[in-house]
Amino acid sequence: MKIALVLTNDWELFGDGSGDFFDLQYNLLADFLGYAQDKNIPISLMAEVMQQLEFKKHAESNPKFPIIAKAWEEIVLRTIGAGGDAQLHIHPQWREARLTASGWQLDMSATALGKIDKSEINKFIREGKGYLESFIKPQFPEYNCTVFRAGAYCIEPAENVIPILQKYGFSADSSVTKGLVNENFFDYSNAYSNWKSWITTKSDIKKSDPEKKGILEMPIYSNNSLDSPALKKFLPKIYYFLKYGVNVPADELAWQKEKDKIKEQRYPRSQRYYKSNQKKDIYFYKKAIIGMTNVQLDYDYLPAHVFVEIIENLYKQLKNIYSSEEITIPIIASGHLKDIHNLNNIKKIIILLKEKMPNLVEFCTISKAQELIMNNEKGYRL
């Protein structure tokens, strides 16, 4: 048995439209491609297309915009040429974005894709898929845009989205993380699985449909355990040891601290829409001290040694379920280049996995993962 690790990346500017494209997206992706291509490590961009379309639409408003739009397409093509992938990611708050003296002004009331008008959902998905295929297929005829991820994971109510995805040929989604809840946006606490993919119903992204009328949901892997955000903030080394049994090296803790510091400078908490709408009651503060939490398998969030420990433990669990040596189990990980300042963490994860789990973990794109799941006849049953 092997794990096929899928490094998806929600490739975008910050949620309010702020940030420099080259600092947050292009330069870091170019660095990753340069590092990973020789090691056969593909990355799967969940490419935020509405942002790109607005830059193209307003090309005459700013001399930098045509340069950004061209660079966006160029590095997406380079990613696919390096064995990677680019699939559709949509943040509907970019609809009718306005340019002001201070930058982009987005419609934050439209944050949740599943809650806007169906005609708009239809338009955004049709245009997004059409745009990606329009410039990728001439270079890579075998390319197809068939996988979707909702911006900020806001695909609910999914009954408004799934039929439209099917209408335009999408056969898979990767918006769900079991246990993840964001009040007023989504609740994935009762999702079918934290790792295993399923065919959804036509109305509920969280449920498995025996009649297989929906689409394939490939969840981002999550780990449920007791958590203490307060302990993590003030005593991170103790926090990671108690929570994961891992003695995190000083360089990884320093990377995490620097990452948080730089992100706060680039994207202050006061600008983060999902934070400003967070209800801070007694339960919120109690959970900040201690409570059960589902943590995503996020290579830009978890220290390298913790990430690898999670993969090792998951492999042991799956080995007990699947005895066949021929089966390959796709596991979806997430990341956000916009949130980091360099690639030291993911580079170390790759090194550690190759050292600790040689021949047990391979890397693949999300399109390849979809193919593995749908065509795997040995052990993996939907």
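Author: In this predicted model, the second largest pocket has a volume of about 340 Å³. Its lining is made up of 17 residues. Those that lie nearest the centre of the pocket are G84, D85, T365, S367 and K368. Two elements, β3 (85–90) and α13 (366–375), each give two or more residues to this lining. Of the elements, α13 contributes the most, with four residues. Sorted by class, the lining of the second largest pocket comprises five nonpolar, eight polar and four charged residues.

The packing of two helices may be described next. Helix α1 covers residues 21–36 and helix α3 covers residues 64–81. Their axes come within 11 Å of each other and cross at roughly 25°. Angles under 35 degrees count as roughly parallel, and α1 is therefore roughly parallel to α3. The crossing of these two helices is left-handed.

Which residues of α1 and α3 make the contact? From α1 come F21, F22, Q25, Y26, L29, A30 and L33. From α3 come I67, I68, A71, W72, E74, I75, R78 and T79. By class, this contact of α1 with α3 has 11 nonpolar residues, together with two polar and two charged ones. In the lining of the second largest pocket, by comparison, five residues are nonpolar, eight are polar and four are charged.

Methods:
Residues numbered from 1 in each chain as written. Predicted model: local features only at pLDDT ≥ 70, side-chain atom pairs only at ≥ 80, totals over all residues. Heavy atoms only, no water. Axes fitted to C-alpha atoms, helices over the stretch in contact; angles between N-to-C directions. Parallel < 35°, antiparallel > 145°, perpendicular 65-115°, else oblique. Left-handed = near helix turned anticlockwise from the far one by under 90°. Contact = heavy atoms within 4.5 Å. Nonpolar A, V, L, I, M, F, W, Y, C, P; charged D, E, K, R; others polar. 1 Å grid on protein atoms, 1.4 Å probe; cavity = no way out; pocket = protein on both sides within 12 Å on 5 of 7 lines; lining within 4 Å. Points joined across faces, edges and corners; volume = space filled by probe spheres on them.
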